[in-house]
Amino acid sequence: VEISNNGKKFSGNKTFLSPTAGLNSDIYDHFKPYEVPGTWAIFTYIDLNRVDDMLDLAKNSSGLFHYREVAEMDQSLCQKPVFSEESLRPREMGWFELPFLNQAHLSFDWRHIPVNVKYDEHYKLAIYARPSRCSNSRCNSNRLREIDEERVPCLQPLQLPGWFLDPQVNKNQIVNITLMSLDDVIFKVEVHIIHGLFLPSSDFFLDTMIVDITSPSRAKTKTDAQLIFGMKKDQTRRASPYVSWEEKQVDLEHIFAVRYTSSDSRSIAPPLNMPPRWDDYERGRVLLSMNSTHESATPTIRDSMEDVGITNEFWDNPFPNPMLAKEITDTFFETFHGVVEEGNGYKYEFDNIMLPYLPFFSNCREFDSYIPLWALVEDNLGCKLPEISVDYAVDWWRREFPPLPHRDDIYAVGPFDFSKFYPVADWCERKIYCEYEESLGQPEVTPRWFEAESGVTLFSIIRDPVNYYEYTGRSSTKIGVKDAGGQKFINQIKSYD
């Protein structure tokens, strides 16, 4: 007996995902595949009323007794609950799904935690994410270290923001952390008591977390037909097999993205919030941020320049050859890269990077180092209309609608619309408080972004929204031979620089 959620993939089907595509597996086999074995049940049905069997058993009365005994035994076994199969499984509880480029806002209310219960001494916060893979270190029974073994998924939690970990940040308050997924992921949050004497304090942490998941929604809104009849097949995609066993059908997401080029970095010093890459995501393809409001008394903690500073070598291939770059790019689902198919092999050409957030603006309240463009301008609470002034009077026509109008109120004005001259669209004005992460007292060889002359391009925003495939440079949620990252789509669009 096998079961299925969609009638296409059944529980007996094994899931096997190679860590790379288009390479000789005999040479490039540095990483383990992802495997989920098939499962099924065996159902045995014994019908004592079958005529043919009864005729055979009538010749042997002991056989008939044995037949009934087997039936009763199977029946009693089926009615007996199996704890490992039917009970609650703590290892499967507490997981949240975070689709592509969604944000999860985690709010921890730790105001009631006793002041003598100290973070990093008595307890720690741990956030786990999948898909992930990392090396696991263990010791044997003789307390000798064994050879590191790669684990898929990774058993280590994500690295928390330095702002949160800093001892200057008081943890006995409402603490907020934001996760932004760069691909489909699932995550789980745990609080670990690491001091035995404080085990009784574990109850203080029960029901102290609120999870609020937000997603981009205004780059491309649904039509009335799509809301009523659903999305067409070309307007949907499969969820990642790493988070959805049956690869369920989901809506195809769209966002407004940012283009940053190597030529931009040669005229202006690179930003300090460039994305991590490759095995920096071994514990999960997630960007974590400290979410502290401007009104909070929490001090602003700057990242170390050693951790965030980059050079123009960012655009070079850090691996010995393009083939190895392809293997590691596939393994960690990297999209910020320059691996391109060429003939029967690959080459590395990296000139453009597609970012889901604003470069240069880091160390900001509410966002930390990553301000997603969609989260900045699609916030119903943060977006405001202009204050009342000479230019925007109290009876200004736009005040009839909120900053982000309802989809039914949006009105586009074309070149031949003479009856109405003002379009009704999103209007978002908001103030974000940031602090310079750069060392202002130390000059740089090239001008920094705040020292640039007028007319210098820092970065550009792609005019049309991009979808999942255009952002990742893939043709599906699985890795492929022709994957080329976000640069693949950027090279196809026209530039007016």
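Predicted model: local features only at pLDDT ≥ 70, side-chain atom pairs only at ≥ 80, totals over all residues.
**Figure 1. The open sheet of strands E10, E4, E8 and E15.** Four strands make up this open sheet, in the order E10-E4-E8-E15. Their pairing is antiparallel. Strands of a sheet pair through backbone hydrogen bonds, either parallel or antiparallel. At the edges are E10 and strand E15 (286-290), each of which pairs on one side only. From one strand to the next, the twist averages 20°. Strand E4 takes in residues 103-109 and pairs with E10 in the antiparallel sense, over six bridges. In one view of this pairing, Leu 106 has Val 211 of E10 as its bridge partner.

**Figure 2. The open sheet of strands E3, E9 and E5.** This open sheet has three strands in the order E3-E9-E5, with antiparallel pairing. Its edge strands are strand E3 (95-98) and strand E5 (123-130), and each pairs on one side only. Neighbouring strands of the sheet are turned against each other by 25° on average, with direction ignored. Strand E9 covers residues 185-193. Four bridges join E3 to E9, and the two run antiparallel. The bridge partner of Leu 98 in E9 is Val 185.

**Figure 3. The salt bridge between Arg 474 and Asp 183.** The side chains of Arg 474 and Asp 183 meet in a salt bridge, with an N to O distance of 2.6 Å. This pair links distant parts of the chain, as its two residues are 291 residues apart. Arg 474 is in the loop between H10 and H11. Asp 183 is in the loop between strand E8 (174-181) and E9. Are these two residues buried or exposed? Both Arg 474 and Asp 183 are buried.

**Figure 4. The largest nonpolar core.** The largest nonpolar core has 50 residues. Which residues have the most contacts inside this core? They are Leu 182, Ile 353 and Met 354. Several elements each supply at least two residues of the core, including strand E14 (258-261), helix H8 (322-331), strand E17 (345-348) and strand E18 (352-355). Helix H9 (373-377), helix H10 (468-472) and helix H11 (487-490) also each supply at least two. The largest share comes from H9, with four residues.

**Figure 5. The salt bridge between Lys 347 and Glu 342.** In this view the side chains of Lys 347 and Glu 342 meet in a salt bridge, at 3.9 Å from N to O. Lys 347 has a relative accessibility of 25% and so counts as partly exposed. Glu 342 is also partly exposed, with a relative accessible area of 44%. Strand E16 (residues 339-342) contains Glu 342. Phe 332 is ten residues from Glu 342 in sequence, and their C-alpha atoms are 21 Å apart in space.

**Figure 6. The salt bridge between Arg 138 and Glu 146.** Side chains of opposite charge can pair when their charged atoms come close. Arg 138 and Glu 146 form a salt bridge, and their closest N and O atoms are 3.7 Å apart. Arg 138 counts as partly exposed, at 45% relative accessibility. Glu 146 counts as partly exposed too, at 32% relative accessibility. The count of salt bridges in the model comes to 24.

Methods. Residues numbered from 1 in each chain as written. Heavy atoms only, no water. Pairing = 2+ DSSP bridges. Axes fitted to C-alpha atoms, helices over the stretch in contact; angles between N-to-C directions. Core = buried A, V, L, I, M, F, W, Y, C linked by side-chain atoms within 4.5 Å. Buried < 20%, exposed > 50% of the residue type's maximum accessible area, 1.4 Å probe, protein only. Salt bridge = Lys/Arg side-chain N within 4 Å of Asp/Glu carboxyl O.
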